[in-house]
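Work through the exercises below with the model open. Try each task before reading its solution.

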Amino acid sequence: MTVDLNSSPTGSSAATGSHDVAEARAVRPSSRWWHGTWSLPEVRWAVIATALFAVGGICQLAGTPAWLWWALYLACYAAGGWEPGLAGLRALREKTLDVDLLMVAAAIGAASIGQVFDGALLIVIFATSGALEAVATKRTEDSVRGLLDLTPERATRLRLPELPEDGEGTAAAFDDAVEEQVEAAGLEVGDVILVRPGERIGADGRVVAGASAVDQASITGESIPVDKGPGDEVFAGTSNGTGALHVRVDRPAAETVIARIVTMVEQASATKARTQLFIEKVEQRYSVAMVAATVALFALPLLWGVALQDSLLRAMTFMIVASPCAVVLATMPPLLAAIATAGRHGVLVKSAVVMEQLGTVTRVAFDKTGTLTEGRPHLTDVRVLPGADLSEERLLALAATAEQYSEHPLGTAVVRAAHAAKLPLGHLADFTSEPGRGVRARVDGVPVEVSSPAHLAAAGERSGPSDLHAVVTELQGAGHTAVVVRVNDEPAGVLALADRMRPGAADAVSRLTELNGAAPVLLTGDNARAAGRLAGEVGITDVRADLLPADKVAEVRELQADGTRIGLVGDGVNDAPALATAHTGIAMGRSGSDLALDTADAVVTRDELAGVPAVIALARRARRLVVANLVIAATFIAVLVAWDLLGDLPLPLGVAGHEGSTVIVGLNGLRLLRGAAWQRALRGGAQAS
């Protein structure tokens with residue numbers, strides 16, 4: 001039975017969702033951009049002002065009565081100037097001088113001396129530059145907020161008579177459930193939802209029944225669908241495969257992975273970079289000085305007998321070309337564009353300040369487990385002891401059979417390795433597990449024990465301790481964890497396990513070395529042998545091991561004592577203090593603890609280490625664009641002011657030059673929104689620095 005709690009048409013949510021998606025795909029490519037842009041009031045008023053200006057110009061050229069084209073130009077003033085003028089007056093009430101008000105005042109002054117065309121041109125260009133800035137800001141926000149479109153609006157909630165005590169069950173356990181079509185945003189923790197084949201998952205949660213392959217590329221970046229069964233975690237916005245899943249909601253809609261990403265990016269967009277804050281401080285003093293200079297430029301020539309109109313025209317031209325509009329716009333567009341581009345490619349930068357900081361990082365420090373490595377053990381070697389009449393495959397099969405009921409990560413790794421090798425497991429009986437020691441069982445009637453070497457000293461003495469000890473010592477010396485397998489109460493072999501290096505770790509280290517001119521450093525709480533083995537594989541020579549959380553903080557402070565700006569990459573709770581201490585903290589999003597994610601300044605949401613050198617290279621390019629924008633703006637102001645003071649700068653040319661520089665600066669910053677900007681950053685190295 002299906003009950004619709006929101007009075008929408010009944011029917012299969014799968015069918016409804018498929019129809020909505022198909023309709024959206026048909027409409028969005030042609031209309032989404034236009035409708036999104038036209039929704040901005042700045043764009044609408046700029047278009048209206050431009051149209052009025054164009055019609056007024058045509059009427060003036062056609063020789064129509066002056067009152068007609070004057071009326072059109074004044075209407076252009078109203079359409080393009082009322083919003084910035086009102087904002088400027090509000091700022092003036094708070095004793096703040098806004099450059100928008102200065103532009104409107106200059107346009108009104110032009111009209112007062114009969115130069116209504118020039119004033120209207122100023123209004124049109126000024127309104128157009130404001131519209132471009134609004135479009136750029138919206139595009140930056142939409143590029144990340146578009147992630148919310150991945151989450152379905154509706155979900156099928158199951159109202160259950162009784163949920164199995166362990167929270168899991170079979171699909172048959174939900175046969176008597178009542179289906180309710182509800183808003184996904186209204187799901188609460190503990191609700192159970194049904195996700196049919198082909199649907200998008202409506203909430204973060206865990207599978208309680210069913211099995212399917214889920215496409216998680218939108219969240220984790222995995223290109224291959226991941227098999228999900230009872231107990232596995234799933235994310236809102238990911239796509240279900242061919243099976244049906246019953247999912248228990250673990251997080252409310254506002255706390256899903258996608259929602260957290262969007263929230264943090266919105267917070268980032270609301271922050272101001274240090275350069276921007278500095279410019280705003282300078283802007284007020286500069287604006288006051290500019291107004292004083294304008295008044296002087298108007299009044300003093302009158303004392304020398306210059307005509308009123310000529311003096312006023314020169315003063316207004318000066319006020320226009322000297323206004324710091326382009327300087328104010330020089331900073332935030334490149335930084336916000338870089339934030340949006342990084343976010344689309346799996347690196348979430350929490351603020352414009354952080355993006356600036358990333359561009360100044362001079363050395364990177366890595367945590368080991370869960371950062372450079374995957375954070376879980378893998379079988380790396382199987383050694384059969386001399387005298388044991390077993391093959392490596394048989395030894396692994398016996399150990400995996402004995403471990404198949406074990407919950408220990410090492411036992412899970414052994415079983416996983418046997419499955420990967422497609423080894424048949426035997427019949428298990430008399431299974432026992434002893435914490436801190438290992439497991440015992442009978443496999444096909446044969447006693448098998450998988451234990452730590454520390455608990456097998458007595459057995460080792462009865463079975464040639466030199467061979468056993470030599471193998472264990474060799475493996476442990478290479479940074480592996482050794483596990484001894486006994487068959488028929490005699491040591492038969494040793495299994496070696498180790499955490500596996502993340503794909504791309506060595507390449508990321510190499511690129512960071514090129515980028516910074518200094519190799520990264522490894523800070524880890526793991527033992528020196530394991531740390532040294534991994535460091536050798538990835539190309540790190542500076543290794544600091546056996547560190548407690550407080551020790552990591554001390555090491556970061558020591559590294560930064562000489563002025564080095566450390567970017568620390570970590571994932572665990574124990575990394576959080578060091579992440580907060582470092583110049584810039586970067587967390588691994590998929591495996592990172594909540595504390596590490598909250599403490600870090602940036603998050604690698606897909607756990608792809610290639611994103612670390614890429615975002616640093618992108619941040620450096622953003623900083624270079626900020627500097628370039630400031631140079632462009634300052635050059636335009638200097639040239640136009642000098643022309644006005646020393647020569648005879650026509651007002652229309654001054655307007656075009658000033659507003660043109662604002663447009664150039666704005667568009668220059670938007671270059672980082674292109675996909676090519678991230679690809680260039682990925683290539684990184686010395687070329688991108």
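## Exercise 1: Nonpolar cores

The largest nonpolar core holds 52 residues, and V349, F366 and I616 have the most contacts inside it. A nonpolar core is a set of buried Ala, Val, Leu, Ile, Met, Phe, Trp, Tyr and Cys residues joined through side-chain atoms within 4.5 Å. This is a predicted model: local features need pLDDT of at least 70, side-chain atom pairs count only at pLDDT 80 or more, and totals for chains, interfaces and linings use all residues. Residues are numbered from 1 along each chain as its sequence is written, and side-chain values use heavy atoms, with hydrogens and water left out.

**Solution.** 
1. Helices are DSSP runs of H or I, at least four residues, and strands are runs of E, at least two, numbered from the N terminus.
2. Another core lies apart from it, with 41 residues, including C59, M290, I637 and L649.

## Exercise 2: Aromatic pairs

**Task.** The whole structure has six aromatic pairs. Classify the pair of Y73 and F117.

**Solution.** 
1. Rings of Phe, Tyr and Trp (its six-membered ring) pair if their centres lie within 6.5 Å; planes under 30 degrees apart are stacked, over 60 edge-to-face, and the rest tilted.
2. The centres of Y73 and F117 are 6.1 Å apart and the planes stand at 75 degrees, so the pair is edge-to-face.
3. Y73 sits in helix α3 (residues 66-93) and F117 in helix α5 (residues 116-145), so the pair ties together parts 44 residues apart in sequence.
4. Y73 is buried, at 0% relative accessible area. F117 is partly exposed, at 34%. Buried means under 20%, exposed over 50%, partly exposed in between (1.4 Å probe, protein chains only).
5. Ring pairs join F53, W69, Y73 and F117 into a cluster.

**Task.** Do likewise for Y405 and F431.

**Solution.** 
1. Their ring centres are 5.7 Å apart and the planes lie at 85 degrees, so this pair is edge-to-face.
2. Y405 is in the loop between α14 (392-403) and α15 (409-420), and F431 is in strand β14 (residues 428-434), so the pair ties together parts 26 residues apart in sequence.
3. Y405 is exposed, at 54%. F431 is partly exposed, at 26%.
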